[in-house]
Amino acid sequence: MLACEGDGGRGDSAGPRRHRGAPVRHLIWIGLAALVFAGSTARALAEDAEIGMVKTVQGAAFVTSGGTKAPATLGLRLHKRDVIETGADGSVGVTFQDDTIISVGPDSSLALDQFDFAPAEEKYSFVTRMTRGTMYYASGVMAKLAPEAVSVVTPVGTIGIRGTRFLVKLDDKK
């Protein structure tokens, strides 16, 4: 309890006055602040969580993460919203947490828009956005557990995944 010296406006000097409500209000505010901080920290950690890793790289290949473009390197950890880009002689192979394998060919751009793989919570989402080039896709666990949660978005349509392998090639010709 919080003790204050003085008579507290009672007109006597019987000793310290005890305020019973003040510490509870302070604890409530501290608790609320902790919850807000924990929630924002959890969201930030989820956004920064590793979703996959670069397993192969050849030629000119880059990953843009958090607005920073850097060369793709073996072992580079990938995150939600990263973008993989390759030059005329470039290619990148990636393995994701659910064992999905994606190979990005020359002159390609692939954005990793969404990735949530939490089987214990039955939370699944894997959305990529391809704007140019070629990509080979081999399904992992997520496409088997929740095929409706996996898709590849292209300028000409969206590919729904149903636990399979396929190749996407986007021509520059209109």
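Modeller: A residue is called buried when its relative accessible area is under 20%, exposed when it is over 50%, and partly exposed in between (1.4 Å probe, protein chains only). The structure above is a predicted model, in which local features need pLDDT of at least 70 and side-chain atom pairs count only at pLDDT 80 or more, while totals for chains, interfaces and linings use all residues. Residues are numbered from 1 along each chain as its sequence is written, and side-chain values use heavy atoms, with hydrogens and water left out.

Biologist: How many helices and strands make up the secondary structure of the protein?

Modeller: Helices (H or I, at least four residues) and strands (E, at least two) are DSSP runs, numbered from the N terminus. Counted in this way, the protein has two helices and 14 strands.

Biologist: What percentage of the residues in the protein is buried?

Modeller: The protein has 174 residues. Buried residues account for a share of 34%.

Biologist: What fraction of the contacts with a separation of 6 or more joins residues 24 or more positions apart?

Modeller: A contact means heavy atoms within 4.5 Å. Among contacts in the protein with a separation of 6 or more, residues 24 or more positions apart account for 48%.

Biologist: How many salt bridges does a search of the whole structure find?

Modeller: A salt bridge is a side-chain nitrogen of Lys or Arg within 4 Å of a carboxyl oxygen of Asp or Glu. Searched with this rule, the whole structure has a total of five.

Biologist: Which residue forms a salt bridge with Glu50?

Modeller: The closest N and O atoms of the pair are 2.7 Å apart. Glu50 lies in strand β3 (residues 50-58) and its partner in strand β6 (residues 77-79), so the bridge ties together parts that are 27 residues apart in sequence.

Biologist: Is Glu85, the salt-bridge partner of Arg132, buried or exposed?

Modeller: The closest N and O atoms of Arg132 and Glu85 are 3.9 Å apart. The pair links strand β11 (residues 123-138) to strand β7 (residues 83-86), 47 residues apart. Arg132 is partly exposed at 30%, whereas Glu85, at 18% relative accessibility, is buried.

Biologist: How far apart are the closest N and O atoms in the salt bridge of Arg129 and Asp113?

Modeller: Arg129 belongs to strand β11 and Asp113 to strand β10 (residues 109-118), 16 residues apart. Both are partly exposed, Arg129 with 37% and Asp113 with 24%. Their closest N and O atoms are separated by 3.0 Å.

Biologist: Which strand holds Thr64?

Modeller: Thr64 is buried, with a relative accessible area of 18%. Leaving out residues up to four places away in sequence, Thr64 touches Lys69, Arg81, Asp82, Val83 and Glu85. Its strand is β4.

Biologist: What is the C-alpha to C-alpha distance between Ala60 and Ala88?

Modeller: Ala60 is in the loop between β3 and β4 (61-65), and its relative accessible area of 25% makes Ala60 partly exposed. Beyond four places in sequence, Ala60 touches residues including Glu85, Gly87 and Asp89. Ala60 and Ala88 are 28 residues apart in sequence, and their C-alpha distance is 7.3 Å.

Biologist: What is the phi of Asp99?

Modeller: Most residues other than glycine have a negative phi. Asp99, an exposed residue at 52% relative accessibility, lies in the loop between β8 (91-96) and β9 (101-104). Although Asp99 is not a glycine, its phi is positive, at about 75 degrees.

Biologist: What is the phi of Glu122?

Modeller: Glu122 is found in the loop between β10 and β11 and is exposed at 67% relative accessibility. Glu122 is not a glycine either, yet its phi is positive, at about 55 degrees.
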